[in-house]
Amino acid sequence: MPRDEQEFEEAGRINIARDVISTIAALAASETPGVFAPDGLPFPRGPAARRHVDTELLGGRVRLSLRIAVEYGRVVPRVAQELQEKVKTEVERMTALPVEAVDVEVVRIVFPKEAR
Amino acid sequence: MSFLLWVEALLLFLAAVLTGLGASGVASTVVLGSVPELWIRVIFGIFSAGFLAGSSLCLALWAGRIERHRPLRLPGPRGLVLITPQTVTQLAQTLLAQELEETPFRIRLRSRRDGLFIRVFLRLPEEARIPELAEHLQELLTAEVSQRTGLKVHEVEVVVHGTSRRV
């Protein structure tokens, strides 16, 4: 049964909400070159980004799904792999939770004139 | 596909008219009043067949639509990379628009689990020769789409359905 937060109980209780993990992933996405939000705008930071990021917590492991657009001219799988790497690194570094997978769905291409 | 839509529309329309006649009572008093019972059963059989065929076609069309919108999957070490057919179509359209400039064209994409089938419909640009143009577009799309998406392009079919000449 997936839970909304992950607990650590060594020296006390630490709860990490799923939304926090989504926000960290969104921040990593916003810093990855060539990654945009599905509406063609720069990937948002903060709560607005959560609709593009799904976080699952299963048995202490994290699984993330991100919906993105990729800038025209870039190699789509390369951008996606770079994003996966960055999200995994950032989430593991900031939460100490193991990231099982980062699935990336590329829903469209963004052209330079759209990207403001 | 458009032929199937027409057949579906026609079948549903016929079934709806016949049902409407039955419901309004016109069929029973004017038409069916003197018709033997066997014929009435046949007519109701036609209603039923019309609705069944129409709804089956509808389901088949929706299944095809869902299949066309299903993202293509590229498994990787960190998770899946899913690329929607819309993304690939956008990419192919941009490449063709740069190549064909003002020549009108449209693209139809069929995706299978292991790759893509692209069909390009276009009007032959002025002074262009079909074999050279088709070969060039096939090479361009196969190379660029494969390189930029990591997906295998199995086939690029070029359909020339007219010429675009200035008069």
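Predicted model: local features only at pLDDT ≥ 70, side-chain atom pairs only at ≥ 80, totals over all residues.
**Build of chain B**
- Chain B contains five helices and five strands.
- Read from the N terminus on, its elements follow the order α-α-α-β-β-α-β-β-α-β.
- Chain B has 167 residues, of which 32% count as buried.
- The accessible surface of chain B amounts to about 10,800 Å², and carbon and sulfur atoms hold 61% of that area.
- Among the contacts in chain B with a separation of 6 or more, 61% join residues 24 or more positions apart.

**Surface patches of chain B**
- A patch of positive charge on the surface brings together B:Arg65, B:Arg68, B:Arg106 and B:Arg108.
- Two elements of chain B, α3 (37–69) and β3 (105–112), each give two or more residues to the positive patch.
- Strand β3 of chain B is the element that holds B:Arg108.
- A nonpolar patch on the surface consists of B:Leu38, B:Trp39, B:Val42 and B:Ile46, which together have about 440 Å² of accessible area.
- One of these residues, B:Leu38, lies in helix α3 of chain B and is exposed, its relative accessible area being 61%.

**Salt bridges**
- Side chains of opposite charge can pair when their charged atoms come close.
- Over all chains, the count of salt bridges comes to 13.
- In one of them, the side chains of A:Glu100 and A:Arg63 meet at 3.5 Å, N to O.
- A:Glu100 belongs to strand β6 (residues 99–110) of chain A and A:Arg63 to strand β5 (residues 61–71) of chain A, so this pair ties together parts that are 37 residues apart in sequence.
- Both partners are partly exposed: A:Glu100 has 43% relative accessibility, and A:Arg63 has a relative accessible area of 28%.
- A network of salt bridges links A:Arg61, A:Arg63, A:Glu100 and A:Asp103.
- In chain B, B:Arg148 forms a salt bridge with B:Glu144, with 2.9 Å between the closest N and O atoms.
- Helix α5 (residues 130–149) of chain B holds both B:Arg148 and B:Glu144, four residues apart, or about one turn of the helix.
- B:Arg148 counts as buried at 14% relative accessibility, whereas B:Glu144 counts as partly exposed at 22%.
- B:Glu132 and B:Arg129 also form a salt bridge, their closest N and O atoms being 3.1 Å apart.
- B:Glu132 counts as partly exposed at 45% relative accessibility, while B:Arg129 counts as exposed at 54%.

Terms used:
Residues numbered from 1 in each chain as written. Chains lettered and ligands numbered in written order. Heavy atoms only, no water. Patch = residues over 30% accessible without salt bridge, like charges linked within 9 Å, V, L, I, M, F, W, Y side chains within 5 Å. Areas by Shrake-Rupley, 256 points an atom, 1.4 Å probe, with all protein chains shown as cover. Salt bridge = Lys/Arg side-chain N within 4 Å of Asp/Glu carboxyl O. Lys, Arg positive; Asp, Glu negative; His and termini not counted. Charge placed at Lys NZ, Arg CZ, Asp CG, Glu CD. Buried < 20%, exposed > 50% of the residue type's maximum accessible area, 1.4 Å probe, protein only. Contact = heavy atoms within 4.5 Å.
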